[in-house]
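Please look over the model before reading on.

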Amino acid sequence: MKIIGNGFIAKNLKKAKLKSKNNCIIYAAGISNSKTDNRKDLEREKKVFKNFIKNINSSEIIIYISSLSVLDKNLRNEKYVKNKLFIENFLKSKVKRFIIVRLAQVVGFNRNPNTVTNFFYNNIKSRKKFVLWANVKRNLIDIDDVKLIFKEIVKKKFKKNYILNIHNPNSISTKNIVDILSKILKFKPIYKLVYLR
């Protein structure tokens with residue numbers, strides 16, 4: 001079982017010691033900041049994936065970790081989302097055997113300051129003022145649940161190509177996330193509350 005990537009998700013999947021009877025490669029590399037608009041980073045992500053695809057053989061099953069953001073109409077013009085869709089479509093056109101796994105926002109202990117929970121946590125802890133979208137919800141999934149889900153994915157016999165959308169049945173408001181974190185930290189958050197129309 002090969003796992004490509006060195007980020008939060010990849011490291012945790014490697015720790016999970018996944019076992020599969022199939023010849024699987026999990027591609028968990030890519031940009032971790034979903035808000036980036038850095039053209040060089042975005043082009044590099046595509047280039048690295050294309051080079052990776054060149055070196056696989058037809059017996060290998062590629063499991064690509066994508067984002068549920070590709071289904072959000074409000075995010076369809078985000079460069080990060082466009083990159084994910086490009087890679088998904090490239091994979092489908094070049095690889096005979098694949099599984100695309102679209103994840104909700106994965107949470108757990110990590111040092112990435114760009115995740116929604118870390119953004120709020122760091123700002124509350126350092127007493128920095130931030131903008132809080134009052135009527136926005138986020139769909140979160142714990143990394144431990146992701147590991148359990150992948151254990152199930154890789155142990156099943158591969159029959160056909162498919163896309164798997166993984167999300168929490170309950171979304172949570174950003175206001176609620178901030179309230180929970182402020183109770184844990186015992187700091188009152190400093191934010192400007194903004195309502196999306």
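1. **Ground rules.** This is a predicted model, in which local features need pLDDT of at least 70 and side-chain atom pairs count only at pLDDT 80 or more, while totals for chains, interfaces and linings use all residues. Residues are numbered from 1 along each chain as its sequence is written, and side-chain values use heavy atoms, with hydrogens and water left out.

2. **Salt bridges.** How many salt bridges does the structure hold? There are seven. The term means a side-chain nitrogen of Lys or Arg within 4 Å of a carboxyl oxygen of Asp or Glu.

3. **R102 and E88.** Helices (H or I, at least four residues) and strands (E, at least two) are DSSP runs, numbered from the N terminus. Are these two residues buried or exposed? R102 counts as buried, at 9% relative accessibility. E88 is buried as well, at 1%. Buried means under 20% relative accessible area, exposed over 50%, and partly exposed in between (1.4 Å probe, protein chains only).

4. **K147 and D144.** K147 is buried, with a relative accessible area of 17%, whereas D144 is partly exposed at 44%.

5. **K175 and D179.** K175 is partly exposed, at 25%. D179 is partly exposed too, at 26%.

6. **The second largest pocket.** About 320 Å³ of space lies in this pocket. A pocket is an open set of points on a 1 Å grid over the protein atoms alone, with protein on both sides within 12 Å along at least five of seven lines, and lining residues have an atom within 4 Å of a point. Which helices each supply at least two residues of the lining? They are α4 (116-125) and α6 (174-185). The lining includes F109, Y121, I172 and I180. By class, the lining has eight nonpolar, four polar and no charged residues. Ala, Val, Leu, Ile, Met, Phe, Trp, Tyr, Cys and Pro count as nonpolar, Asp, Glu, Lys and Arg as charged, and the others, Gly among them, as polar.

7. **A nonpolar patch.** V131, W133 and L196 make a nonpolar surface patch of about 260 Å². Patch residues have over 30% relative accessible area and no salt bridge; nonpolar side chains (Val, Leu, Ile, Met, Phe, Trp, Tyr) are joined within 5 Å, like charges within 9 Å. L196 falls in the segment after β11 (191-194). L196 is partly exposed, at 43%.

8. K19 is in the loop between α1 (8-15) and β2 (24-27). K19 is exposed, at 72%. K19 and K155 are 136 residues apart in sequence, yet 6.6 Å apart in space, C-alpha to C-alpha. Y27 is in strand β2 and is buried, at 3%.

Methods: Accessible areas come from the Shrake-Rupley method with a 1.4 Å probe; for residues, only the protein chains shown count as cover. On a 1 Å grid over the protein atoms alone, a cavity is a set of points where a 1.4 Å probe fits but cannot get out, and a pocket is an open set with protein on both sides within 12 Å along at least five of seven lines; lining residues have an atom within 4 Å of a point. Grid points are joined across faces, edges and corners, and a volume is the space filled by probe spheres set on the points.
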